[in-house]
Amino acid sequence: MFPEDRKEGSPRFGKLHFPVGLWINSPKKRLAKMSRRWPSAGSVRSTSSDTASRGSETVELRPPGKTKPSRHKRLSNLFHRSGAGTGAAAAGGRWASEKKLAELVDPVPEVLVGGEHPPGQRQLPGILKIFGGDISRGANYKSVLATPRSTARQLVREALERYGLAPEEGTSEEYVLCDVVGRPGGPGGAWQVEHLRPVGDAERPLVLQDVWKPKTGCSRRFEIRRRQEVERVCEGEDAETAGINAQARRLQKSRSRAASGGPTPPKERADNLSLRRSISDMNLSTKRRRERKTVLSVAGGEAGTPPTDEGPPETPPGEGAAGEEEVGEGAGLEQLSQCLIQPPQQHPYFLLLQGYGKQDFVIYVMTRPQHVFGRPERRGVPEKTGGCLVDTFLNAPDILPRHCLVRAAQGGADTAPAPPATVRPFRGAPVTHNGAPLLRQAPLNPGDLLGLGQHFLFLYKDPRGATGGSPTPRPPWLPPAWPSPGLAGVLGCPGCGRSPQERQEALRICLESPRPELRFRPQEEEVLLREIVRLPENWGASGSGIGGLAPAFLLGLCLEHAARAFPPEHFPALLSRVALLVKETVWEKIKEIGDRQPENQQDAAPAALSMEAVAADLRPLMLWLANAMELLNLAQGRVLELEKELELEGPCPELTSDLETCDEAMGVLDEVIMSTFQQSVYYLTKTLYSALPALLESNPFSGAGEPSAGQDLGSVPEGVRPTLALYQAALQLTRDCQLHPDLVSQTFGYLFFFSNASLFNTLMERGSAGPFFQWWRAVRIRTNLDLVLDWLTGLGLGDIAGEFFRKLSATANLLCTPRSCLSKATWARLRGEYPALSPAQLHHVLSHYQLGLGRPPPPAWSPPPEERDQVAAGDIFESFSEHPPLLLPSQGFRLRLGEPLGEEGLLRPLCRLRRLLWELEQGSLPANQRGLGLEGAA
């Protein structure tokens, strides 16, 4: 790779756009083509033939009167027409020729054909045969006119027209021109293909035919083939050879021992130049050679010969003895200089302990905040879009294209310690950390062993935090010291040597620990889940703390443990199982409540529902509504982490499948929340329906004194008391069940919506035939409604009640207007003062309002002609189906799994489950292997 062609900061290497595949796949084959003689640039002769009987085709590009120049002059004109002399060409060596090859992709035809020719004779068209057996099996080839300016794309279009291919049968973009080299000799003289290369759309086939000739015994012809078939052939090439070539180009590009190809800022490249110099760079420096000679004399010289600081004397420029000696010692110097490698002091690095091939490096340096290990993609396989770029390529069969991600330790604050480096495997990548399988992100400390696949093993080192006086910490992968072979070592656990009494105390502390942690094995999972959903239904009976959320808290701990300790694919399956188990439990509770309703009991006579009985029946539903909401929030946190992993890793079928499973499970939890909410408000409104009519019929002034809305229901008028008692019982039920505040507001919003619609419809229905549309009755209704709104305001529900009781309040205000004022009002004025009422509802109230005996409604109350259609077609009743939708909250949740437990309502069931798991674990062991009992830990 040329230094001027190098792209700074790119992890990929710029491709050499050669018109012929000199660097494709096998290096031996392609370099062999370069070493053969170069063909003539004066004329192009096609030796393509599909049978031995066909002759060669000639395309003349030179007038017949000219004599051909010598081969040396033709080669010089081809590669050195920039004005440089022979000496410049010799100084450039073969690199000058290879740089010139890139210009043949879009050359100037006059230069290639011969600039000394008259302009009218430089572009004489020729006839080119294009074989298309894949298009029309009956035809061998079609002839098309071509000039040196004709590109492969133009010839493809002309050939398709010659073959009579209709536009609907295929377009020119679906076909590609192929340069095929072969020989006749198959069965019946058939053409045998030895090499096929797709010609680029911008390449000139005639120039290509003139400059590169096939080897002796072979001939060339151009074929038109389908692009998809050619790509499949290219994808089937040798993957191992392609990987070696890609690795060679990367190493030549990066000039780095660490093979770190990540984008590095120019300043950092300059600062770390010593780390990025290869052996070939040192061979170009005479000073470096002398230093290696000094190292060689120190390493292989006689004992007792001290090394000198001055080094060997410098060789005069005219003498070649030192050069000949260095050539003789080249192999030894190269091997010795590669062995004497100093690790970097300003960057973390990985020391290779076990590799896969001979081309692996010893040190891999981290020059970026994050470092990705991976495998080079096979040739022809499209790379993944998205995700992070690969910094170090490892050639092993079990290394994934993106295998492992390491994030370097970042500098922390002055008082707080810096967070350690982290390592995480990509999905499906086999990675070990200190000998244990690594399934998710974990801290990476200096001295840790990192295994990638079955072949690579690295030792992580970070010299930035090491100091000369601090002791080196013990590597975590070293086995612990063997305990005493005495009785304590036999009775205690093998790693700690503690006595049974000490183990008993440790067990007690573990079972009663306030840490939010619940450890279990996969075989105990089903028993644990069913035990959680069967917890007693008086979780929050006391009304204090958040003990009512114990099921969601314990199920969340199960999900956390599965995400932390089990394989990654276990969490989606567990979440799905938890959601289905919660759904089954809720369905059973709904069925039990329905069976206990009076209308469903055949033996008992229907009776009015009491709020005490309804609250007792609704308590399990309200509890599961609160727990399902908290559990959904905990599950969403984990699903967001999976989405971040998918964004980091790029397209991953395993992660996509896991996310789909999690989405289905969260959909089940959404369904549980909707069902429990609907059933709860259904039974509350069913009980409320029988108490609401008293607000329209009762007289609030019948008692002694002024009517008031104190918090004590005993001071409230008797007609309003049942309705307020139902509201108060519903509020207390939501508080005992620890329902989310947003769900509490929406529950009462639905109750107020139902109360407003029910009272308004009753008023509109009974007002036309009864005394409701009179001033004195309206004053009672307005007073009862004010008592309800004032009492709800004292509970903090005034804003919600005012919004949903707006239509009933507007109707009561209209009816409370004195008759003298109301009789003078016009339709337009009333429509402006009471916008909550529709034209049909306003007209119904005014047309049935009783101004007095024998007094008809005034003509000013009649709607104008433009609103009469709305009055006639409008509905005067409120629809119960237009209730507000249920919106799930996004914040304000109570459960925090990362905080120590100070709540007795959560710690008590957690300790109970820990004891259950310990008994299950001990019960699965043989009797002679069981350890401690729970007597000391109870």
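Let's start with Gln-738, which is buried because its relative accessible area is 9%, under the 20% cut-off. This is a predicted model, and in it Gln-738 has a positive phi of about 60° although the residue is not a glycine. To find Gln-738, look in the loop between helix H23 (721–736) and H24.

Asn-434 also deserves a look: its phi is near 55°, again a positive value in a residue other than glycine. Asn-434 lies in the loop between strand E14 (431–433) and strand E15 (436–437). With 23% relative accessibility, Asn-434 counts as partly exposed.

## The protein as a whole

Stepping back for a moment, the protein has 32 helices and 18 strands. Of its 938 residues, 44% are buried. Now take the contacts with a separation of 6 or more: residues 24 or more positions apart account for 70% of them.

Ala-615 belongs to helix H20 (residues 611–649) and, at 16% relative accessibility, counts as buried.

How much of helix H27 is buried? Helix H27 spans residues 806–816 and is mostly covered, with 9 of its 11 residues buried. Among them are Lys-807, Leu-808, Ser-809, Leu-814 and Cys-816. The buried residues of H27 pack against five helices that you can pick out by number: H24 (741–767), H25 (775–794), H28 (819–824), H29 (827–833) and H30 (839–847).

The pairing with H25 can be followed residue by residue. The axes of H25 and H27 come within 8 Å and cross at roughly 145°, and the crossing is left-handed. On the H25 side, Trp-775, Ala-778, Val-779, Arg-782, Leu-785 and Leu-789 take part, meeting Leu-808, Ser-809, Ala-812, Asn-813, Leu-815 and Cys-816 of H27. An α-helix has 3.6 residues a turn, so residues three or four places apart point the same way.

## Helices H18 and H20

Another helix pair to explore is H18 (residues 550–565) with H20. Their axes come within 8 Å and cross at roughly 20°. That angle makes H18 roughly parallel to H20, since the cut-off for this description is under 35 degrees. The crossing of H18 and H20 is right-handed.

Which residues make the contact between H18 and H20? From H18 come Ala-550, Pro-551, Ala-552, Leu-555, Gly-556, Leu-559, Glu-560 and Ala-563, while H20 supplies Trp-624, Asn-627, Glu-630, Leu-631, Leu-634 and Arg-638.

## Salt bridges

Side chains of opposite charge can pair when their charged atoms come close. The structure holds 33 salt bridges. One of them joins Arg-183 to Glu-194, with the closest N and O atoms 2.8 Å apart. This pair links distant parts of the chain: Arg-183 is in strand E5 (residues 175–184) and Glu-194 is in strand E6 (residues 191–198), 11 residues apart. Arg-183 counts as partly exposed at 29% relative accessibility, and Glu-194 as partly exposed at 43%.

Arg-368 forms a salt bridge with Asp-391, and the closest N and O atoms are 2.8 Å apart. Here too the pair links distant parts of the chain, 23 residues apart: Arg-368 sits in the loop between strand E9 (363–365) and strand E10 (370–374), and Asp-391 in the loop between E10 and strand E11 (392–393). Both Arg-368 and Asp-391 are buried. Arg-521 pairs with Glu-524, the closest N and O atoms being 2.7 Å apart. Arg-521 is partly exposed at 25% relative accessibility, whereas Glu-524 is buried, with a relative accessible area of 5%. There is also a network to trace: salt bridges that share partners join Arg-424, Arg-427, Glu-645, Glu-649 and Asp-658.

Leaving aside its neighbours within four places in sequence, Arg-777 is in contact with Leu-696, Pro-771 and Phe-772.

Key
Residues numbered from 1 in each chain as written. Predicted model: local features only at pLDDT ≥ 70, side-chain atom pairs only at ≥ 80, totals over all residues. Heavy atoms only, no water. Buried < 20%, exposed > 50% of the residue type's maximum accessible area, 1.4 Å probe, protein only. Helix = DSSP H or I, 4+ residues; strand = E, 2+ residues; numbered from the N terminus. Contact = heavy atoms within 4.5 Å. Salt bridge = Lys/Arg side-chain N within 4 Å of Asp/Glu carboxyl O. Axes fitted to C-alpha atoms, helices over the stretch in contact; angles between N-to-C directions. Parallel < 35°, antiparallel > 145°, perpendicular 65-115°, else oblique. Left-handed = near helix turned anticlockwise from the far one by under 90°.
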